Amino acid sequence: MIDGMERRMSRQFTYDVQPSRVVFGSGALSCLDEEAERLGIKRLLVITTPSQAGLGEHVSESLGGRSAMLYPEAVMHTPVPVTEAALEIVRAREIDGFVAIGGGSATGLSKALAYRTGLPQIVIPTTYAGSEVTPILGETKDGLKTTVSDRSILPGTVIYDVDLTLGLPLRMSAVSGLNAIAHAVEALYAKERNPIISLLAQEGIGALAGALRTIVKEPTDVTARTEALYGAWLCGVCLGAVGMSLHHKLCHTLGGSFDLPHAETHAVILPHAMAYNAPAVPEAAAQVATALGAETAAGGLIDLARGIGAPTSLRQLKMAEHDLPRAVEVALSKPYWNPRPIERGPLAAMLANAWAGHDPQEL
Ligand code: NAD
């Protein structure tokens, strides 16, 4: 049952959403030159990861003289030395704007460069990570991850072209989709939650969950891919608008301390974090369950993960069992807001469940 006080509390809010210009649809990539012109960019640096260099080259060629250079060196977690090497090129080639094509890694490098130079950027996402609509930049240096949030980090234009996502491998589609759903789940119980973001979150979860179930059977189904990208956008907006808690902090900790892959870690932890928080946030839990068409939020999330072939245990991600106590210590070392207090015993039990791949439990 939903507590009346919780419902009344959710009517007290501050609504602060980040501005972004979005061009969405099949073939939207063809607007790139026009969007660059709008932003006054004459000498673009085209950014991709090494594995998407071919796509970067194609886009670079299509831009003719407006592309000064392709830089296919983005890597996960935005290491500062990579950004510094790119900055040298920005200066030497008189770059006056960036276009990132790819997932959160390409977007991360573009954001890092825009933050340091003040130059405009266009982001063309090809995964469901959602970074393109957040003012957040996570960077790593000497093994440490730092995060800054600043409006100057937001891209001038985001181009969502579903055609670029048709070839996203199935496993990446599944884990990246769950990564996006995690943004919306935590937005529904965020301290700063507000009615608009909660609507976007429910719509985003429903759109992505439905689409992912189709994509595992028909990876190139344009309608499902379109719904997934639409859901990813909404979930990204949620991430950019309100604070995240247990789930995101834990994934951040596990990723940074044990070198676990970003989206996969989100996929594994999400049902367990939901089960941990559910007793403290019955309204949000009911909203997640409804959006998933499930009886319970955590049950719906684990069924979704299993149904789309996502990893469901930290063991599968090669985390060693003997690292679990250290993970608990690291997770407890930096306090942060969470709807339910973070307690050692339940946290350790939750991580042990997630490691083994057991059903999520309310602890
Ligand atoms: P990613 O960008 O590292 O992509 C994974 C791999 O898939 C890369 O090799 C990439 O080139 C490839 N790829 C991407 N799209 C493809 C496609 N359509 N077809 C084939 N291959 C494709 O992974 P990600 O999960 O998108 O991003 C993870 C990074 O983003 C992490 O560093 C994370 O911290 C960051 N992130 C930041 C925010 C934020 O708001 N700051 C939000 C989410 C994620």
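This is a predicted model: local features need pLDDT of at least 70, side-chain atom pairs count only at pLDDT 80 or more; totals for chains, interfaces and linings use all residues.

Entry 1: I started with Ser105, where an N or O atom of the side chain sits 2.5 Å from an oxygen atom of the ligand. Next I checked Gln52 and found a polar side-chain atom 2.9 Å from a ligand oxygen. Then I went to Lys145, whose side chain places an N or O atom 3.2 Å from an oxygen of the ligand. I also looked up burial: the ligand taken alone exposes 870 Å², and the protein buries 84% of that.

**Entry 2: the shell.** How many residues surround the ligand? I get 23, and the closest are Thr49, Ser105, Thr126, Thr127 and Thr134. By class, I have 13 polar, eight nonpolar and two charged residues in that shell. Which helix gives the largest share of the shell? Helix α5, residues 104-117, does, with three residues.

**Entry 3: α7 with α11.** Moving on to helix packing, I took α7 (residues 195-215) and α11 (residues 282-292). Their axes come within 8 Å and cross at roughly 35 degrees. I noted the crossing as right-handed. On the α7 side I listed Gln202, Ile205, Gly206, Ala209 and Arg213 in the contact, and on the α11 side Gln287, Val288, Ala291 and Leu292. Sorting this contact by class, I wrote down five nonpolar, three polar and one charged.

**Entry 4: α10 with α14.** Last pair for today: α10 (residues 262-277) and α14 (residues 344-356). Here I read an angle of about 145 degrees, with the axes 9 Å apart. Left- or right-handed, as α10 passes α14? Right-handed, I noted. From α10 the contact takes in Val268, Ile269, His272, Ala273 and Tyr276. From α14 I have Pro346, Leu347, Met350, Leu351, Asn353 and Ala354.

How values were computed:
Residues are numbered from 1 along each chain as its sequence is written. Side-chain values use heavy atoms; hydrogens and water are left out. Axes are lines fitted to C-alpha atoms, for helices over the stretch in contact, and angles run from 0 to 180 degrees between N-to-C directions. Helices (H or I, at least four residues) and strands (E, at least two) are DSSP runs, numbered from the N terminus. A crossing is left-handed if the near helix is turned anticlockwise from the far one by less than a right angle, and right-handed if clockwise. Contact means heavy atoms within 4.5 Å. Ala, Val, Leu, Ile, Met, Phe, Trp, Tyr, Cys and Pro count as nonpolar, Asp, Glu, Lys and Arg as charged, and the others, Gly among them, as polar. A residue is near a molecule or strand if one of its heavy atoms lies within 4 Å of it. A polar contact is a pair of N or O atoms within 3.5 Å; within protein, one must be able to donate a hydrogen and the other to accept it, and residues adjacent in sequence count only if both atoms are side-chain atoms. Accessible areas come from the Shrake-Rupley method with a 1.4 Å probe; for residues, only the protein chains shown count as cover.
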